[in-house]
Amino acid sequence: MQRIGVFVCHCGTNIAATVDVKAVAEALGHEPGVVISQDYQYMCSESGQELVKNAIKEQKLTGVVICSCSPRMHENTFRKAAASAGLNPYLVEIANIREQCSWIHKDIATATEKAIILGRTAVAKVHLNTPLNSMESPVVKRALVIGGGIAGIQTALDIAEAGFDVDIVEKQPTIGGKMAQIDKTFPTLDCAACILTPKMVEASQNERITIHSFSEVADVKGFVGNFTVKIKKKARFVDETKCTGCGLCTEKCPMKKVPNEFNMGLDNRSAIYIPFAQAVPKVATIDPNYCMMLKTGKCGVCSKVCSAGAIDYKQQDTFIEQQYGAIVVATGFNPINLDKYDEFAYNQCPDVVTSLELERLMNAAGPNGGTLLRPSDKTHPHTIVFVQCVGSRCDDEKGKPYCSKICCMYTAKHAMLIREKYPDTEVYVFYIDVRTPGKNFDEFYRRAVEQYNVHYIKGMVGKVTPKSDGKIDVQASDLLANEQLHINADMVVLAAAIEPDKTARPLATMLTTQMDTNDFFTEAHPKLRPVESATAGIFLSGACQGPKDIPETVAQASAAAAKAIGLLCKNSITCNPCVAHSDELMCNGCSSCEKVCPYGAITYIDKEFRMPDRTTKVRRVASVNPAVCQGCGACTVACPSGAMDLSGFSNSQIMAEVDAICK
Amino acid sequence: MQVKENFEPVIVAFCCNWCSYAGADLSGTNRLNYPTNVKIIRVPCSCRVNPMFILRAFQKGADGVIICGCHPGDCHYTSGNYFTRRRITLLYSMLDFLGIERNRTRLEWVSAAEGAKFAATMQQFTEDVKALGPNRRLEDLRCRKQ
Amino acid sequence: MQKISKAKLYELFDDIASKQTLYIPTDREAGAAEYRKYESGMKLTKELNTVRSAKDFFFPQTENLAEFKIDGKNIEVRDIREECEDFVIFGVRACDAKSFTILDKVFLCEPVDSFYKNRRDHGTVVTMACKRPAETCFCKTFGIDPTVPGGDVSCFDDGESIFFLANTDKGEKFVESISSFLEDGDTDKLMEVQTRAREIMGRLPLAKLSTENFGGDKLNEYFNSDKWAELSEACLGCGTCTFVCPTCQCYDIKDFNTGHGIKRFRCWDSCMYSDFTKMAHGNPRLTQLERFRQRFMHKLVYFPANNDGEFGCVGCGRCLAKCPISMNIVKVMKALEAK
Amino acid sequence: MQEAMIKRAKELLADGSVDRVIGWKRGEFTYDITPAVFTSAEEIDSDFVCDDFTAANVSKYLVKETQKEGKVLAFLKPCDTYSFNQLVKEHRIDREKVYVIGIEGGPKLDIEKIKAKGITGILSVKNEDYTLRIETIYGTQTMPFYEAVLDKCASCKSKKHVVFDELIGEDGDVLDSNRFEMVEKLENMTSQERFDFWRDQLSKCIRCNACRNVCPACTCENCVFDNPKSGIDNKAPADSFEENMFHIIRAFHVAGRCTDCGECSRVCPQHIPLHLLNRKFIKDINELYGEYQAGADTTSRAPLTDYTKDDCEPSVVHERGVE
């Protein structure tokens, strides 16, 4: 006979203001099997939990129903409390009468009625709950960091520092990411390369860190503590172990007209290339789209000049498979494509550039050696217009609904640097709002305005028109002065919105993590678990989770590392016991369940059955590996005989819930 | 069909734990109202919803059944909602083939971030079911409330 | 004997139906007849018999027995029995009429099944003599003369008129109630029709089938026969034979949770089903062979053993026509007899 | 053909290639044929039959037969080979234990259609150049052969044997059948009309389980409807809901697995066109997820254990046909 205890939480007034908690406790007390039904101010408080624990002991409860907030909040709290009182934690059910009742309804009578039904439903389910015991699963003491930008590097360094092996997978030939392309950083105006490259070197020299550059994640299997990841090492046609990075091949390569992606295509590189001087690993890579040898079989200059014999035109993509206990995603961001922004003439006029292009134009290692010249005629620009929020805070389909967060500050930085270096240049910044919430940020912006006399104009640029004389007509409105402006500019710089890297979406699918509609990874909790994904063992680092500047990225990278270290420190983790299981007596061995299992958790065995007539029969039956099963339940519906069921969410439990709601 | 005065439909919503249930919680957190008619059953994934459960709900007195899951591609279990989509499409098509009103069943993708969508969906679905009136074509007379 | 012209038959039906519920066999679709509640305009079927037997009237497929009203922790048991209203079934064939006497032996012996008795007390069975038996008919095997059917009232069709003959008090009352429609009639032609029908009965393919090798004393002879394996080999284990059979009377009692209470009901069960008489320890009949054997041993051996030699079959031929794999009592009898 | 089959069956039994033969056994009348297993030449000579009435699909029996020792010879019509393949695919039949001889298919006859013409007292049915000559106690009757053809044969989908070890007679082609006509007709009705149609049909159901038990896709060790633990077990249609539920769930369980062999409707004692439910699923699958024929092979992924990322949404149901 069941002895169920019901505990109704007031949650202060969060529940009690709209739900008559006393009436709920009273009504549920009449449900079959319920031996005690109480209400209390804060069930999740120490004394609230004590109430539950005492009831379990005194009333010898076989099941507990807590009518409170969402199980996503406190299910674990109450399960732990039950366990400490000697009741199996899976004999606890939560009726969500806060998020799904009191907070959404206003009328006390109907909200109370609904709360009673929700409570009754939980009671009906708990009648059928069975004690479940968690299995232990070992943790592989190695982490994978996907992405080798500042976020990935920082995370890897921190994990390695803690004594764990860590691999970085970077799709580019070098680590460094976006930060390597940036000239100066705000609000300190120190050189990005100067602070980044030592970290890159540190990563490459740390014996616990393995860098897989020019590599991609091809497949992810497994689960927290035990992921199996297939890494594709793309053919770079250069033997990494032999190449010394001397750069002779890049000098001698006859194919020199390859757009240099590191400089945003503003200059050219050779077909065999090292992205930049401080690249890590400093190893050449052949671009098969341009290499004459690979395309036509004629050339071979690089091979001839390479004294190390590192060139290998026959190199193929290779795959390595590695076990990891934790995975950190640090796939970063890109500026959005501005093809659709005809009004800014980005595609028509070479002197309309993005902010990242401007970074390269101003960088000493950039196309102009650090002198700011117009891309079109290499002349010094005298009037520069900055356009903010290009594609950010947009309602239309071209842009992004969110604020890209970093643009206001880097534009202030650009404006200031230009005014500092070229005082004869007039700088206009068109903005919707200037957002500077950060340490020393507003001071920085005010310096741009007050000290450097940058013209900040609140208003949006309507149209950018290249003129025949090489000038650019910028038509804009000044919202404060309420007038239309025409500025005769030499250059226009667009603060393009940033978006997650395109590789993030397929990666999220492989990792079974969630993304929001903008393809940013979703954190497990927006406030309390900002660096974990909802999928156990997958952590988030940097701008893949949302727009961030460098200090924020580094902070989050270290936080993600701390979370990963916390996991790697454990020898084993407790598995979710709510997994599928097959009733062998009913299983037909038809393989339907196996086909829908995303984890390959189901295998088949030939099992000998003793028949009632004392004969034996060998049948093929499904067998679930509870350590691999994640409990989605796809198999339970694929199974026609109902042999497959899911602990914690069994057919009978769900039907009991349906019955309780409908009665 | 004639709409009964003050007809309050019973609506069962199956919500996946990772997206839609969280979406429902979010609509609560944001105090976004939707009708009390909707009662949510938490399932790990929308692919856990067996057609049996849907029929059972109609048998026991539900007037509408809605299944909510993660957006395609966002499934916590990678592929669960893709299977859901096929199964439920076929099931709903079959119910339609048997002459059961189309608006009694629905499948919606609601992410953990879409509290407003959850509330709006439930509001709309409740209205649609109200317009249909009580479930008569797929009810079990024995379960009809006296 | 009293008769009514066939031209006036539907007038009579209208009259009967105005006083009590009348059921007649009518066409549902070509080749498939069923009993339906008579409404003006409905026509009698030309089929020899209905697909489902007439046992449904007294022993319906499902029947509520009791209700438990549940309110929180309280359970209230409700007796839902109420007096059945009078009804008439017209056009029952001799085989089905005989099946009622077989069902009576089961349900009306102590303890009396009050649900069955209630319906039986209020139902008047008006039978119809057969003129054109089918190849699947073998009622003669069980001593039934289809030209002289039983029931409360027997009817005979001589081509022009229907003759009514009351067999019981209830039958007398029924004939009395319709006397205004009846007139005295000459039965010469009827005798001719009967003679011809009997002659056809003698020529039917199964006319020679006999029960002489069966009966209550044959348990040991047949129970372990090696024929059962072969006979049951193709059996699908469905309940078609059982459910179309007019004499199969096994039922299961189940509870249905309505959400606000429990309805306890009984429904037909079939010994062919794998969960028939399943008990806590499992099923006493492990394979389809045992289940199959049970059905035929029951009809041919166990039932006569407990019911003064009465067999549990009336030779209506429904199972011959409807078994998906065409296995039936005739094939079983012939196979068992063949030594 | 019967002679050739008997000859081959006896040869294979004699040389030990097979231990048993599964085929059909003649009955009391011309039409009451029973699937049967033969183990000797004598049995085959006296009882084996293959004629216009041997419509029963014997592939399901091979589930049980291949659990026994030894090899069994199965004569399979084209439609039966699809069921066979599907059962092999689902690991229900041990392919190694079956020697498949493909035989020509129908059209086979439906005795109920002959009887529906009012023909009774049937002693024999002979096909004389596609006119049936029916001897009865009440004299000789004739009717066109095609009026007595089983529904499942009238909308035959394929004359091709998708699996065989040898063939007796010719192999045919997949046919361009009209099998979805009635489904389309229903789809074009209003919701109310469809509801009335199915209520009329399904209310006839007596839950004899013949459809389920004959179905080659229904080979569960324990059907959910027989299993008290399933929560939906039931023995009788105690309410119209249960009539609906049984057939919906059954159709759903065989969706993507049903080969459209038509046995369900053939054996229904109440003549419910149950195959229409299965065909509805087949038609939907073909239209929404691409042409798929269950049993056509033993390796493809079934539509319900498969997906594509751009599958249609269930709202497609709302957007087409008539409400």
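These legends walk through several close-up views of the predicted model shown above. Residues are numbered from 1 along each chain as its sequence is written, while chains are lettered from A and ligands numbered from 1 in the order in which they are written. Because this is a predicted model, local features need pLDDT of at least 70 and side-chain atom pairs count only at pLDDT 80 or more, whereas totals for chains, interfaces and linings use all residues; side-chain values use heavy atoms, with hydrogens and water left out.

**View 1. Where chain B meets chain A.**
Here 50 residues of chain B are in contact with 48 residues of chain A, contact meaning heavy atoms within 4.5 Å. The two chains bury about 4,300 Å² between them, and 59% of that lies on carbon and sulfur atoms. Buried area is the accessible area (1.4 Å probe) that two parts lose on being put together, summed over both. On the chain B side, the residues losing the most area to chain A are Lys39(B), Arg42(B) and Arg48(B), together 16% of what that side buries.

Look for Arg42(B), whose side chain meets that of Glu75(A) in a salt bridge at 2.8 Å, N to O. The elements β1 (11-16), α1 (20-29), β2 (38-43), α2 (51-60) and α3 (80-97) of chain B each supply at least two residues to the side that touches chain A. Helices (H or I, at least four residues) and strands (E, at least two) are DSSP runs, numbered from the N terminus. Of the chain B elements, α1(B) gives the most to this side, with seven residues.

Helix α13 (residues 441-451) of chain A has Phe441(A), Phe444(A), Tyr445(A) and Ala448(A) as its buried residues. They sit on the same side of α13(A) because they cover an arc of only 95 degrees around the axis, the arc being that of the directions from the helix axis to the C-beta atoms. An α-helix has 3.6 residues a turn, so residues three or four places apart point the same way. The face turned away from the buried side carries the exposed residues Glu450(A) and Gln451(A). Buried means under 20% relative accessible area, exposed over 50%, and partly exposed in between (1.4 Å probe, protein chains only). The buried residues of α13(A) pack against α12 (407-421) and β21 (455-458) of chain A. After the helix comes Asn453(A), with a positive phi near 55 degrees.

In chain B, Glu101(B) and Arg104(B) form a salt bridge with their closest N and O atoms 3.0 Å apart, and both residues are buried. In chain C, Arg264(C) and Asp255(C) form another, at 2.7 Å between the closest N and O atoms. Arg264(C) counts as partly exposed at 33% relative accessibility, and Asp255(C) is partly exposed at 44%.

**View 2. A salt bridge from chain C to chain D.**
Asp269(C) forms a salt bridge with Lys235(D), the closest N and O atoms lying 2.7 Å apart. This pair crosses between chains, from the loop between β12 (261-268) and α9 (288-306) of chain C to the loop between α9 (210-214) and α10 (240-254) of chain D. Asp269(C) counts as buried at 4% relative accessibility, and Lys235(D) is buried at 6%.

**View 3. Thr127(C) and its surroundings.**
Thr127(C) lies in strand β7 (residues 123-128) of chain C and is buried, with a relative accessible area of 0%. Its side chain reaches the backbone oxygen of Gly150(C) at 2.7 Å. Leaving aside neighbours within four places in sequence, Thr127(C) is in contact with residues including Val92(C), Ala97(C), Pro149(C) and Cys155(C).

Technical notes: Salt bridge = Lys/Arg side-chain N within 4 Å of Asp/Glu carboxyl O. Polar contact = N/O pair within 3.5 Å; in protein donor to acceptor, adjacent residues only side chain to side chain.
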